[in-house]
Amino acid sequence: QKMPPSLPATINIREPRWDQSTFQGRAKHFFMVTDPRNLLLSGATLEEARRVVEDYRAGTVPPGLTEDQLWRAKYIYDSAFHPDTGEKMLLVGRMSAQVPMNMTITGCMLTFYRTTPAVLFWQWVNQSFNAIVNYTNRSGDAPITPSQLGTAYVSATTGAVVTALGLKSLTKHLPAIIGRYVPFAAVAAANCINIPLMRQRELKLGIPVTDDNGNRLGESTAAAQKAIFQVVVSRIGMAAPAMAIPPVIMNMLEKRAFLKRYPYLNAPLQVGLVGFCLVFATPLCCALFPQKSSMAVSSLEPEVQDQIRKKDPWLETVYFNKGL
């Protein structure tokens with residue numbers, strides 16, 4: 001029997017498998033990144049994926065390794081190990097935990113929105129989870145200090161709770177369906193507070209900008225502002241279908257005899273509906289903007305433009321990692 005040809009050592013597994021200049025390519029990439037099944041993989045499977053990836057990057061191609069197996073190992077490795085430090089990430093902070101964690105928290109926020117203690121508790125749980133995600137997926141180039149993490153956590157939790165309680169009191173005399181959208185408004189407000197605070201170091205000092213070949217040209221605060229804006233839009237977009245569609249369906253179901261007879265099914269139904277929305281919304285909203293985002297040199301700060309012009313007078317576009 002003929003052995004399959006050996007895999008070339010030239011496949012660039014530092015980049016995603018699919019073309020990131022198209023929405024379809026980015027969506028395929030993020031469906032792999034956010035796949036919840038990666039949470040069920042054993043420690044041995046994760047270590048095997050790490051070994052395959054590190055060996056391949058070092059130029060060692062295991063005999064019989066196929067391209068599909070290589071890419072599978074790369075996505076398993078990326079799902080569990082930090083890209084900058086190589087450390088194994090906290091389980092609940094991984095991108096593959098986004099759907100199961102968010103469906104549980106969001107489902108409960110939408111179910112238990114009527115009483116003040118429930119609003120306080122679930123907004124606190126949600127912001128605690130966000131803080132873990134932001135810490136786990138921090139950039140190695142701009143580490144988050146404990147004080148920054150604490151400030152962002154307290155500010156976002158306070159912002160979410162104040163928004164939720166304020167809107168809850170305003171919607172008392174409005175139709176019940178309006179009250180169901182209070183948690184979404186609170187989450188959107190918290191994202192607008194949490195992400196810029198968590199990445200305040202980038203807003204002060206800038207993020208690295210590179211040419212098309214990845215050569216570092218300097219740090220730009222204008223690029224940081226664009227990156228953070230894109231992440232805020234993606235995060236709000238991610239939450240929107242899961243927090244906008246189930247309330248309409250649940251409002252209709254609660255008027256039927258079935259849910260009046262079995263009220264304990266309210267929370268599981270809500271969580272299930274949210275989960276269905278998140279399976280699609282999470283990767284599709286991550287894919288709204290390219291991970292390797294771009295910006296015209298003329299849109300950067302004057303001093304950064306001068307710095308770049310000295311290195312490459314004809315360069316028109318710079319690139320930067322927007323974060324997640």
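**Domains and their interface**

Tutor: The chain is divided into domain 1 (23-88) and domain 2 (95-321), with bounds from an automatic or database domain assignment. This is a predicted model, in which local features need pLDDT of at least 70 and side-chain atom pairs count only at pLDDT 80 or more, while totals for chains, interfaces and linings use all residues. Residues are numbered from 1 along each chain as its sequence is written, and side-chain values use heavy atoms, with hydrogens and water left out.

Student: How much area do domain 1 and domain 2 bury between them?

Tutor: Buried area is the accessible area (1.4 Å probe) that two parts lose on being put together, summed over both. Carbon and sulfur atoms account for 69% of it here. The value for domain 1 and domain 2 is about 1,400 Å².

Student: Which three residues supply 37% of the area that domain 1 buries against domain 2?

Tutor: Their share is more than that of any other three residues. They are R26, F30 and T34.

Student: How many salt bridges does the rule find across the interface of domain 1 and domain 2?

Tutor: A salt bridge requires a side-chain nitrogen of Lys or Arg within 4 Å of a carboxyl oxygen of Asp or Glu. Across the interface of domain 1 and domain 2, the number found is zero.

Student: Which residues does the UniProt annotation "transmembrane region" cover?

Tutor: The annotation comes from an unreviewed entry, and such annotations may be inferred rather than shown by experiment.
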